[in-house]
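I opened this model to look up folds, packing and contacts.

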Amino acid sequence: MIMILSEFENKSDEEVTKLVLQDQKYFLILVKRYQDKLYRYISRISNFNEQEKEDILQDVFVKVYVNLNSFNPDLKFSSWIYRITRNEVINNFRKYQRRPQIARIDPEDDFMSRIRSGLDLEKEIDVKIDAGHLREILGKINNKYKEVLVLKFLEEKDYKEISDILKIPMGTVATYISRGKKELKKKIEKYEKFR
Amino acid sequence: MKNLDEQILGKIKDLKPKAKWKFLVKNYFVWSLAILFLIFASFACALFLYLLINNDWEYYKIIAGSFWDFWITSFPHIWLVFTIAFLMLSYFNFKHTEKGYKFSKRHIISLAVVIIFFLAFVFCSFGLGKVIDAINLDQSKVFNQRKVIWLNPEKGFLAGEIVKEDEYNLELIDFEGKFWIINIEEAHMTPYREEGVKILGTKIEDDVFKAREVQPWSRIFLFEKDFLK
């Protein structure tokens, strides 16, 4: 059966999940909507190779489908699928005995301009750090702060979404973002000094 | 990511979403454990409060010599440990409920402590604390040090239930089940209730004890009197 995806453009994720429960074919809509975003997210929080990342992504979608009835509509679907993705990445860290790290920051991510306004760095230092150095700096930050910074400044999630993805209270999200920014600022300043 | 969507659809082709009731059962199960452990913590806290309130602080010198030794000997540590352990188990289960992560550790623990003290207060008022006095002497060494202290006639401590009394003597069955005649001619008597007395005095014979002081075994817990009417 051929499905014209554009017909479902106006449907929310939550509405699509209801359709999927009636007919499996609608799952393709969710896959199309999320496969690129999640692949990028996996790349940002891990250093798995291409094949491993694709395997993880496949497992994520299988888990999403199998557990679709556990999706709580009080939550945003995107928060729920990001949470599953993060858990799957962590499971794979254990499986491959690797440590979490920031693996990819694309120049087009515009991460620096987003975080620069967040850090209020413009006046203090002229930050001209390439993606490689930024990756190195981020790699030195405590992992729990790194996770929220990625979600906030790369995935552009709000506090509520980050809270739902990481399953931590919103107050803790705010604390981690604040501490993460301070730590990042300190590391960038140090980098500027010794450059 | 060539044909990833096709591969995914291929993988789920023969699968079906798990039934909703399975998730509901799991969530109710976790909630039930959280509540159950909270009640256990309240039971443990009720026993802790009962033993603490009824501890014989006024006799610490006679019983142990110094306040510190008395504290070590008689403080109901084990029930405090049980209370904290059940509180942590309840917290752990609550955190694993569907929305448990939204609340901070400080808020959950604070609320749980308030509930535990409230329930412990209610349980104590219904006389729950007294169940701890029903356990045998061997177990008392761990769970009720106070009972061990007062079942020591050689050192002048005796406790039990009065079965008969007259102007000069009491007939008492101690908490180990041994029969005693208690001479009260020179004793200072404090009004006592049915559940028992503690007696300071001297052992005269194998089953005769001369009392110096007779006091109720436990204090009335707040509204207990009203509940017990």
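**Set-up**

I am working on a predicted model, where local features need pLDDT of at least 70, side-chain atom pairs count only at pLDDT 80 or more, and totals for chains, interfaces and linings use all residues. Residues are numbered from 1 along each chain as its sequence is written, while chains are lettered from A and ligands numbered from 1 in the order in which they are written.

**Chain A**

I looked up the secondary structure first. Chain A has nine helices and zero strands. I took helices (H or I, at least four residues) and strands (E, at least two) as DSSP runs, numbered from the N terminus. Read from the N terminus, the order is α-α-α-α-α-α-α-α-α.

Next came burial. I called a residue buried if 20 or more other C-beta atoms lie within 10 Å of its own, exposed if 12 or fewer, and partly exposed in between, with C-beta atoms placed from the backbone. Of the 195 residues in chain A, 30% are buried.

Then contacts. Two residues are in contact if their C-beta atoms, placed from the backbone, lie within 7 Å. In chain A, 68% of the contacts with a separation of 6 or more are between residues 24 or more positions apart.

**Domains of chain A**

I noted two domains, 11-96 as domain 1 and 107-194 as domain 2. Such bounds come from an automatic or database domain assignment. Nine residues of domain 1 of chain A contact eight residues of domain 2 of chain A. On the domain 1 side, helix 2 and helix 4 (77-96) of chain A each supply at least two residues. For classes I counted Ala, Val, Leu, Ile, Met, Phe, Trp, Tyr, Cys and Pro as nonpolar, Asp, Glu, Lys and Arg as charged, and the others, Gly among them, as polar.

I checked two helix pairs. Axes are lines fitted to C-alpha atoms, for helices over the stretch in contact, and angles run from 0 to 180 degrees between N-to-C directions.

Helix 1 (residues 13-22) and helix 2 (residues 27-45) of chain A have axes that come within 8 Å and cross at roughly 145 degrees. Asp13(A), Val16(A) and Val20(A) of helix 1 meet Phe27(A), Ile29(A) and Leu30(A) of helix 2. That contact has five nonpolar, no polar and one charged residues.

Helix 7 (residues 143-154) and helix 9 (residues 170-194) of chain A pack at about 100 degrees, axes 8 Å apart. I therefore logged helix 7 of chain A as roughly perpendicular to helix 9 of chain A. The cut-offs are under 35 degrees for roughly parallel, over 145 for roughly antiparallel, 65 to 115 for roughly perpendicular, and oblique for the rest. Helix 7 of chain A contributes residues including Tyr145(A), Val148(A) and Leu149(A), and helix 9 of chain A residues including Val173(A), Tyr176(A) and Ile177(A). By class, this contact has seven nonpolar, one polar and five charged residues.

**Chain B**

Chain B has nine helices and six strands. Its radius of gyration is 26 Å, well over the 17 Å that the globule rule gives for 229 residues, so chain B is more spread out than a compact globule. The radius is taken over C-alpha atoms, and the rule is 2.2 Å times the number of residues to the power 0.38. The C-alpha trace of chain B spans about 100 × 40 × 30 Å along its principal axes. Of its 229 residues, 28% count as buried.

The domain assignment gives chain B domain 1 (20-134) and domain 2 (151-228). Their centres, taken over C-alpha atoms, are separated by 31 Å.

**Where the chains meet**

I counted 19 residues of chain B in contact with 26 residues of chain A. Helix 1 (4-12) and helix 2 (20-53) of chain B each supply at least two residues of the chain B side. Helix 1 of chain B gives the most, with seven residues. By class, the chain B side has eleven nonpolar, two polar and six charged residues.

Ala34(B) is in helix 2 of chain B. Is Ala34(B) buried or exposed? Ala34(B) is buried, because 21 other C-beta atoms lie within 10 Å. Leaving out residues up to four places away in sequence, Ala34(B) touches Ser90(B), Asn93(B), Phe94(B) and Thr97(B).

Ile53(B) also lies in helix 2 of chain B. Ile53(B) counts as partly exposed, with 14 C-beta neighbours inside 10 Å.
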